[in-house]
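Below is what I looked up, entry by entry.

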Amino acid sequence: LLRYFLLLMTIIYIGLGICLWVAPIALNLTPTVRRILGGVFVLYGIIRFVRIYREHFQPSVKHDRTIR
């Protein structure tokens, strides 16, 4: 259940970033600052998605790293 919540949060971060990037939201931010903040949210969402996918959804492979 936790892993699906974490995936939902990545979708929310990416969606918020896209919304900040393209939608004319009535905030006291200049368009440049809105686009930078939107890009940061999208980038953070992508990085978070990759990390969560690797940690929770890929089968773990144990490698033997002993030196012979």
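Predicted model: local features only at pLDDT ≥ 70, side-chain atom pairs only at ≥ 80, totals over all residues.

Before counting anything, I wrote down my cut-offs: buried means under 20% relative accessible area, exposed means over 50%, and partly exposed is in between (1.4 Å probe, protein chains only). With that, I get 15% of the 68 residues of the protein chain as buried.

Residues are numbered from 1 along each chain as its sequence is written, and side-chain values use heavy atoms, with hydrogens and water left out.

**Entry 1: the overall layout**

I looked up the secondary structure and found 2 helices and 0 strands in the protein chain. Helices (H or I, at least four residues) and strands (E, at least two) are DSSP runs, numbered from the N terminus. Helix H1 covers 2-22 and helix H2 covers 31-56, with a loop between them.

Next came the surface. The protein chain exposes about 5800 Å², and carbon and sulfur atoms supply 67% of that. Accessible areas come from the Shrake-Rupley method with a 1.4 Å probe; for residues, only the protein chains shown count as cover.

Then I checked contacts, which means heavy atoms within 4.5 Å. Among contacts in the protein chain between residues at least 6 apart in sequence, 68% join residues at least 24 apart.

**Entry 2: aromatic rings**

How many aromatic pairs does the structure hold? I got 3. Tyr13 and Tyr44 form one that is edge-to-face, at 5.0 Å centre to centre with 80 degrees between the planes. Tyr13 lies in helix H1 and Tyr44 in helix H2, so this pair ties together parts that are 31 residues apart in sequence. My rule here: rings of Phe, Tyr and Trp (its six-membered ring) pair if their centres lie within 6.5 Å; planes under 30 degrees apart count as stacked, over 60 as edge-to-face and the rest as tilted.

Tyr13 is partly exposed at 22% relative accessible area, and Tyr44 is partly exposed at 39%. For Phe49 and Tyr53, the ring centres are 6.2 Å apart and the planes sit at 20 degrees, so I noted that pair as stacked. These two residues are 4 apart in helix H2, which is about one helical turn. Phe49 is partly exposed, with a relative accessible area of 37%, and Tyr53 also counts as partly exposed, at 37%.

I also saw that ring pairs link Tyr13, Phe41 and Tyr44 into a cluster. Tyr13 and Leu43 are 30 residues apart in sequence, yet their C-alpha atoms are 8.9 Å apart in space.

**Entry 3: two arginines**

Which residues does Arg48 touch, not counting residues up to four places away in sequence? My list reads Leu6, Met9, Thr10 and Tyr13. Arg48 lies in helix H2. Arg48 is buried yet has no salt bridge, and the nearest side chain of opposite charge, Glu55, is 9.7 Å away. A salt bridge is a side-chain nitrogen of Lys or Arg within 4 Å of a carboxyl oxygen of Asp or Glu. For charge, Lys and Arg count as positive and Asp and Glu as negative; His and the chain ends are not counted.

Arg34 is in helix H2 too. I found Arg34 buried without a salt bridge, with Glu55, the nearest side chain of opposite charge, 33 Å away. Apart from neighbours within four places in sequence, Arg34 is in contact with Leu20, Ala23, Pro24, Ile25 and Leu29.

**Entry 4: the loop and its patch**

Ile25 sits in the loop between the helices and is partly exposed at 31%. Leu29 lies in that loop as well, partly exposed at 34%. Ile25, Leu27, Leu29, Val33 and Leu37 form a nonpolar patch on the surface, with about 350 Å² of accessible area together. Patches are made of residues with over 30% relative accessible area and no salt bridge: like charges are joined within 9 Å, nonpolar side chains (Val, Leu, Ile, Met, Phe, Trp, Tyr) within 5 Å.

**Entry 5: after H2**

Last, I looked at Phe57, in the segment after H2. Phe57 counts as partly exposed, at 25% relative accessibility. Phe57 touches Arg3, Tyr4, Leu7 and Ile52, not counting residues up to four places away in sequence. Phe57 and Arg3 are 54 residues apart in sequence and 8.3 Å apart in space, C-alpha to C-alpha.
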